[in-house]
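Please read this briefing alongside the sequence and the coordinates. It takes up a helix pair, the ligand site and some backbone details in turn.

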Amino acid sequence: MRKISTPCTDPTPLFRHGGVLPNHRGSLLDFSASINPLGPPESVLRVLRHELSSIAHYPDTDCRKLTKRLAALHQVSPEHVVVGNGSNELIYSIARAFRPKRVAIVEPTYTEYLRASLLIGAKVDHWLPERGFRFRPFLPGAANLVWICHPNNPTGDMWASSWQLSRWVEAHPRVLFVIDEAFLSESAQRWVPRSLIPYMERRPNLIVLRSLTKSHALPGLRLGYAVASPRLAECLRSQIVPWSVNCLAQSAGLAALEDRDYARRTAQWLGESHSMFRAGLQELAPHLKPLTSRANFFLIELKTLTSDCLTARLAERGFAIRDASNFVGLDRRYVRMAVRTPADNSRLFGAIRAIVAEAAPCPAP
Ligand SMILES: Cc1ncc(COP(=O)(O)O)c(C=O)c1O
């Protein structure tokens, strides 16, 4: 791993993400945000319709029922759990609660860690793998907090074992490690054994973040949570804006966690579609090269065309993908694509085939 100095000190322009706005003119098939393509569970939609009138009341600011249910899911006591308005609220609350003077970010990764850290005036060390975007342990030096995205957005990389990662956390007891498992969900099952949550009780310097917005297709409703020692959880809770998790999001969370059929269908979809997506991308060689991914998206290296050109040409054909050139450590050779249903994926691959065969090809990166 090598350290690079802060390429950016202004948090303002950093908020750039995938995702198509609902009122976007013309409909784009969205491969830019990595959301469960099965859509929100029917059980959640039913609860939302039924409980619409609850918005006449303030929500439970402590999210007691949901906290209890999440604690039971992870076999910890409720003092370990903090619910937030999406895991993004928790990222900003962590920065405010612990006010690290210096942070380390393993790049390329989700840009909100950088933005949240800059907003509280922290100095930032960016750590980049030497080659291949594979995580390796490093000495955090003067950093008081390390942000790790696991699996990592946008590379899809995970540590070979959770035990190895937890040993690294254990070796630096004075550093706070935030492991963002927003893309690791019980309903996706496949990579859940690599979660750090089972180590949390023995690692007092560890906070694990989870999100329900991707796994259950609820990004517009906003729901995430943190699991940490009671001391860290209490400190984090003190920074959450009162009533930030609305009544509907709390009820939706409870319904989502009960829906075993949705979890089963999600696991089945990802099991089938992930390897098909990878195989489909490999067939687009030599133009595209996917990295190994342990998440519901792939980072793709473009060999014969640039990220902006491919993104624009796909948009003309009705597809949104994520131009990944603004991630620290990446450039115009990279795009990220979410795994959708087999039918949607085939349509995307058909469009890419047509683009690379076009008479006026995109410029090479
Ligand atoms: C790695 C990662 N963490 C956290 C989030 C925030 O998710 P949410 O606030 O919807 O839970 C995102 C959103 O894209 C993400 O990519």
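In which sense, right-handed or left-handed, does α3 pass α4? The crossing of α3 past α4 is right-handed, and the residues that make this contact are set out below. The model is predicted, and the values that follow are computed from it.

**Packing of α3 and α4**
- Helix α3, which spans residues 87-98, packs with helix α4, residues 112-119, at an angle of about 35 degrees, and the two axes are 9 Å apart.
- On the α3 side the contact is made by Asn88, Ile91, Tyr92 and Ala95, while α4 contributes Glu112, Tyr113, Arg115, Ala116 and Leu119.
- Sorted by class, the residues in the contact of α3 with α4 comprise 6 nonpolar, 1 polar and 2 charged.

**Ligand site**
- The ligand is surrounded by 14 residues, of which Ser87, Asp180, Ser211, Thr213 and Arg222 are the closest.
- The shell around the ligand divides by class into 5 nonpolar, 6 polar and 3 charged residues.
- A side-chain N or O atom of Asp180 is 2.6 Å from a nitrogen atom of the ligand.
- Of the 390 Å² of accessible area that the ligand has on its own, the protein covers 91%.

**Backbone details in loops**
- Most peptide bonds are trans, and most residues other than glycine have a negative phi, which is the background for the entries that follow.
- The peptide bond from Glu107 to Pro108 is cis, with omega near -10 degrees, and Pro108 is found in the loop between β4, residues 102-106, and α4.
- Asn153 and Pro154 are likewise joined by a cis peptide bond, with omega about 20 degrees, and Pro154 lies in the loop that runs between β6 (145-149) and α5 (162-171).
- Arg99, although it is not a glycine, has a positive phi of about 35 degrees, and this residue is found in the loop between α3 and β4.

Notes:
Residues are numbered from 1 along each chain as its sequence is written. This is a predicted model: local features need pLDDT of at least 70, side-chain atom pairs count only at pLDDT 80 or more; totals for chains, interfaces and linings use all residues. Side-chain values use heavy atoms; hydrogens and water are left out. A residue is near a molecule or strand if one of its heavy atoms lies within 4 Å of it. A polar contact is a pair of N or O atoms within 3.5 Å; within protein, one must be able to donate a hydrogen and the other to accept it, and residues adjacent in sequence count only if both atoms are side-chain atoms. Accessible areas come from the Shrake-Rupley method with a 1.4 Å probe; for residues, only the protein chains shown count as cover. Ala, Val, Leu, Ile, Met, Phe, Trp, Tyr, Cys and Pro count as nonpolar, Asp, Glu, Lys and Arg as charged, and the others, Gly among them, as polar. Axes are lines fitted to C-alpha atoms, for helices over the stretch in contact, and angles run from 0 to 180 degrees between N-to-C directions. Helices (H or I, at least four residues) and strands (E, at least two) are DSSP runs, numbered from the N terminus. A crossing is left-handed if the near helix is turned anticlockwise from the far one by less than a right angle, and right-handed if clockwise. Contact means heavy atoms within 4.5 Å.
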